[in-house]
Amino acid sequence: MGNAKQFIDSKAGVIFRLGEAGYDEEIAGFQTAYTHRPAVVVAARHAEDVRAAVEYAARQGLPVAVQATGHGLSVPADGGGVLISTRRMTDIRIDPETRTARVAAGVQAGDLIRAAAEHGLAPLNGSSPSVGVVGYTLGGGIGLLAREFGYAADHVRRIELVTADGRMRTLTPGDEFFGAVLGTGSNFGVVTALELDLVPVTTVYGGQLMFDTPLVEPALRAWREWTATMPDQLTSTIAMLAFPDIPQVPEPMRGRFVASIRVAFNGSREEGERLVAPLRAVGDRLKDDLREMPYTESHTIHSDPDHPHGYAATNAMLGELTPDTLSALLSVAGPGGPVQAVLDIRHLGGELGKPSPNGSAVDHREAAYVVRAIAMSDGIASPESLTKIRTALGPWTIGHSLNFLYGAAAAADEVQTRAGYAPDTYARLAELKREYDPHNMFRFNRNIRPI
């Protein structure tokens with residue numbers, strides 16, 4: 001494979017080879033069902049390390065994978081190739097005058113939230129504070145306040161990346177390549193930094209309403225009707241899941257199948273209370289923690305797991321959510337159903353339904369809802385469950401969100417990847433892939449194949 005040490009300054013980056021001390025720690029991420037196991041790992045500290053790593057890989061004819069936090073780990077790089085670990089690239093620069101942030105490749109959402117809050121601003125982050133900002137944004141980014149502000153990808157002002165030829169490039173809106181990078185993950189290179197819009201949000205009204213098993217179906221149907229009346233300032237989801245009967249789960253939820261409605265409203269507590277009144281009318285709650293909170297506490301709305309674990313997921317973007325759609329879901333994965341998986345239905349529309357202002361390759365904007373199905377790999381559920389759920393939703397499915405395809409099998413499924421785009425968008429991206437990455441160096445992802 002050549003002398004990997006030649007392509008990087010030893011004072012600026014660290015190289016790990018398979019079997020060496022530190023290798024396993026470097027490849028570890030939030031996803032534990034599988035890992036990248038490449039021949040060489042480059043622990044990049046700045047953009048020049050990334051450029052040198054890509055240049056080396058190009059000279060050696062090796063494929064390249066990228067990993068920051070490992071939440072959205074795609075097709076694993078096994079045996080050959082180079083993994084560029086960006087977790088050490090954590091620089092954040094906030095410009096309060098332009099309401100923008102420049103974030104390096106390894107920045108996590110929680111760190112950006114705290115940095116922006118010092119200036120009375122907030123990013124368009126998702127539900128988990130430990131997700132990497134760059135990976136989330138390159139997948140599209142459906143955030144906590146997405147109906148009001150749209151996709152995170154639509155708020156990118158500048159992209160800094162290294163392409164397959166080892167060149168550092170800076171892209172801005174108006175460049176066709178700029179739009180192609182947004183919405184396609186790591187297909188076109190290694191992004192070393194993004195410049196993003198921030199929004200003037202300091203507090204949010206939100207939290208969870210959780211209902212026990214007898215009220216799961218009534219809550220689901222009530223939420224569906226309720227979303228049709230909500231302003232764009234309110235974004236909500238409903239999840240159905242079975243909590244295991246273990247001591248780590250709070251007593252009221254232990255061993256129960258529940259429905260949890262999560263609300264994020266950019267408005268006053270008084271108006272929020274009025275808006276959620278029809279949901280509270282469904283019945284008694286196992287949990288009701290709706291409140292006005294600092295935006296720095298917004299991660300508590302979804303309370304995503306904060307510990308590494310194994311999982312796989314699929315999703316379906318729906319043109320409509322009908323009573324028959326809900327019946328199909330409940331028959332497969334509701335209380336007593338044959339499939340055990342976490343179901344999460346997100347209300348879309350609002351700004352998410354408008355054309356991209358910067359040309360980002362995020363399609364299916366006509367979708368009214370997206371259903372995520374998450375299968376754990378710890379015995380609670382199996383990835384095979386996902387096919388049954390996707391089949392049940394088939395009549396209403398118009399495509400997939402690439403941000404919510406988790407697991408090696410899902411990421412490698414070319415049918416699902418293609419369904420993430422309109423046919424003409426995919427054809428255009430494949431042509432650009434041929435131009436910028438003709439040998440498909442960046443293929444350990446939801447891969448767009450060069451024509």
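The areas themselves come from the Shrake-Rupley method with a 1.4 Å probe, and for residues only the protein chains shown count as cover. Ala115 sits in helix α3. Here, helices (H or I, at least four residues) and strands (E, at least two) are DSSP runs, numbered from the N terminus.

Leu121 belongs to the loop between α3 (109-117) and α4 (133-138). Leu121 is buried because its relative accessibility is 6%. How many residues apart in sequence are Leu121 and Thr202? They are 81 residues apart, and their C-alpha atoms are 6.2 Å apart in space.

## About the model

This is a predicted model, in which local features need pLDDT of at least 70 and side-chain atom pairs count only at pLDDT 80 or more, while totals for chains, interfaces and linings use all residues. Residues are numbered from 1 along each chain as its sequence is written, and side-chain values use heavy atoms, with hydrogens and water left out.

## Salt bridges

Let's turn to charged pairs. The structure has 33 salt bridges, each one a side-chain nitrogen of Lys or Arg within 4 Å of a carboxyl oxygen of Asp or Glu. One of them joins Arg262 to Asp344, with 2.3 Å between the closest N and O atoms. This pair connects distant parts of the chain: Arg262 is in strand β12 (residues 257-265) and Asp344 is in strand β16 (residues 342-347), 82 residues apart. Both Arg262 and Asp344 are buried.

Asp437 and Lys433 form a salt bridge too, their closest N and O atoms being 2.9 Å apart, and both of these residues are buried. In the salt bridge between Lys287 and Asp289, the closest N and O atoms are 3.9 Å apart. Are these two buried or partly exposed? Lys287 counts as partly exposed because its relative accessibility is 24%, and Asp289 counts as partly exposed because its value is 22%. Salt bridges also link Asp91, Arg93, Arg102, Arg158 and Glu160 in a network.

## A negative patch

Which residues gather in a patch of negative charge on the surface? They are Asp175, Glu176, Glu431 and Glu435. Patches are made of residues with over 30% relative accessible area and no salt bridge; like charges are joined within 9 Å, and nonpolar side chains (Val, Leu, Ile, Met, Phe, Trp, Tyr) within 5 Å. Glu431 is part of helix α13 (residues 423-436). With a relative accessible area of 43%, Glu431 is partly exposed.

## Two loop residues with positive phi

Arg99 is not a glycine, and its phi is positive, near 55 degrees. Arg99 lies in the loop between β5 (92-95) and β6 (100-104), and Arg99 is partly exposed because its relative accessibility is 41%.

Ser303 is not a glycine either, and its phi is positive at about 50 degrees. The loop between β14 (291-294) and β15 (311-318) holds Ser303. At 42% relative accessibility, Ser303 counts as partly exposed.

Terms used
Lys, Arg positive; Asp, Glu negative; His and termini not counted. Charge placed at Lys NZ, Arg CZ, Asp CG, Glu CD. Buried < 20%, exposed > 50% of the residue type's maximum accessible area, 1.4 Å probe, protein only.
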